[in-house]
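Colleague: I would like to learn how to read a few local features in a model. Please start with the terms.

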Amino acid sequence: MAAQRTAVHTERRSELRAEVLVIGSGIAGLTAALRAAQRADVLLVTKGALADGATRRAQGGIAGALDPADSPAAHARDTLAAGAGLGDPEAVRVLCEEGPAAIAGLIAHGVRFDRADDGSHALCLEGAHDRPRILHAGGDATGRAIDDALVQAVRERSQHGSADGAGGAGRAGGTGTGGAGGSLALLEHTALVDLRLEHGRVVGAELLGADGTRRRVRARATVLATGGAGQLFSRTTNPAVATGDGLAAAWRAGAVLEDLEFFQFHPTALAVPGRYASFLLSEAVRGEGALLRCERGRRFLPGLDPRGELAPRDLVARAIAQVMATQEGRPVLLDATGIGAGRLRRRFPTLDGVVRAAGIDWGREPVPVTPAAHYGMGGIRTDLEGRTTLPGLYAAGECARTGVHGANRLASNSLLEGAVFGTRAGAAAARAQVSPQRVDRAPRAAVGLPRRAETGSPGPGPSCRS
Ligand SMILES: Cc1cc2nc3c(=O)[nH]c(=O)nc-3n(C[C@H](O)[C@H](O)[C@H](O)COP(=O)(O)OP(=O)(O)OC[C@H]3O[C@@H](n4cnc5c(N)ncnc54)[C@H](O)[C@@H]3O)c2cc1C
């Protein structure tokens, strides 16, 4: 085996080989890599460190029908309703039915979700969910808890499976051990530049290391898990790595992209200059009772929607933007004073630290907030196994368009999507043979664009004047 591996390297000095190449190390990429490595030789490549990405920033939590009084069908109903009728019912069914197993998989990797006094998992309420079904960890540090556990699992897996140094990258240059258990090699600080195409099939990628090293990877299956594109906007909650690289590379290679027009703005990002600009104040703060007020202190949401501050994100974000327009662009106020300083500190330790570091005593005074680009519902069109329209190319997580979100993502469904469809894409990629593949579901364009009434006409907006 070792001799074979050396021979491959000598022959193709600058070309690494893997059965499955996974690009991106958020919840989708880590999950896909761990799953694929159960039977294939996997190379996981990521632009920064393993932990860089949106996953680590997630605060609110991960949705799942875990409560005995809840059901995947109820979760699916809320998901389809939030998506303005444009979600794919089959993809939503898979998401909600496989959600509890995906969450159990995270727990098996060591994620410790917060528990209630009776020892059961503490479930909280977020906007447009009809009941509490959001698991969280470390109060408001859910993404960090998930990321820490998955990164550790990947590092352990790569150490066990790796036969040589360089972060294990050379391992993927060797022969496959698929079927009898695969291997996992890592390459950090290395960016996808472009996909490699041969006869219409994706056969790997061109990479660029932070030190300027160029590498080529040849792979039977390539999984894009490169996350979102929030950095295209002037105000965003997204990390620096969220520059839409995977979308662009897939598009250049000829893959179908879909629903790119649906971009979610989070209603409540911190409206302060400097280090904490656009830091996200989770919906869960409103779930705990915080209210939104215009700069004169008047609430404006109850008049628009009976759910008030817990109305769907698009409605809340649009209402805030309209109120801001009536007060010359100045931010609205998130009033969390009713929650109390002690509970804010206990329930939202990360946020509490940030808000206070920004100079705001939010137990006593309101916090200025503004909408900010947060999540792209669209992306690279995939089927339920993560297969794109290009043979050899798979996608999962925020860069993919599975159809679960429709026109608008239900809060806390994206971590779940990453776990459920990352696992599916990893499994399918590991099984991939060099044969034609196709996406058998109709593109949404065939279904027709939403009518205005379906997405909610802005109508005459709320204002701070009256
Ligand atoms: C502030 C914030 C709070 C959020 N809160 C929640 C929440 O409470 N619940 C919820 O469900 N969702 C939440 N979300 C959304 C959720 O976090 C993301 O949708 C999800 O984590 C995306 O996972 P991912 O694996 O697709 O991408 P990411 O976690 O963003 O990972 C993308 C990976 O791709 C890598 N990458 C990018 N470009 C390249 C390239 N060219 N070459 C190599 N690697 C590349 C990145 O370095 C990174 O490792 C939140 C998002 C933000 C920004």
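Modeller: Helices (H or I, at least four residues) and strands (E, at least two) are DSSP runs, numbered from the N terminus. Residues are numbered from 1 along each chain as its sequence is written. This is a predicted model, in which local features need pLDDT of at least 70 and side-chain atom pairs count only at pLDDT 80 or more, while totals for chains, interfaces and linings use all residues.

Colleague: Where is A84 found?

Modeller: A84 sits in the loop between α3 and α4. Its phi is positive, near 60 degrees, although the residue is not glycine.

Colleague: Is A84 buried, exposed or partly exposed?

Modeller: A residue is buried if 20 or more other C-beta atoms lie within 10 Å of its own, exposed if 12 or fewer, and partly exposed in between, with C-beta atoms placed from the backbone. A84 has 19 other C-beta atoms within 10 Å, so it is partly exposed. S278 also has a positive phi, near 65 degrees, and lies in the loop between β11 (263-270) and α7 (283-287). S278 is buried because 22 other C-beta atoms lie within 10 Å.

Colleague: Which residues of α3 are buried, and what do they pack against?

Modeller: In α3 (residues 72-82), the buried residues are H75, A76, D78, T79, L80 and A82. Contact is counted when C-beta atoms, placed from the backbone, lie within 7 Å. The buried residues of α3 pack against β3 (62-63), α4 (89-108) and α11 (413-431).

Colleague: Which element gives the most to the shell around the ligand?

Modeller: α11 does, with four residues.

Conventions
Two residues are in contact if their C-beta atoms, placed from the backbone, lie within 7 Å.
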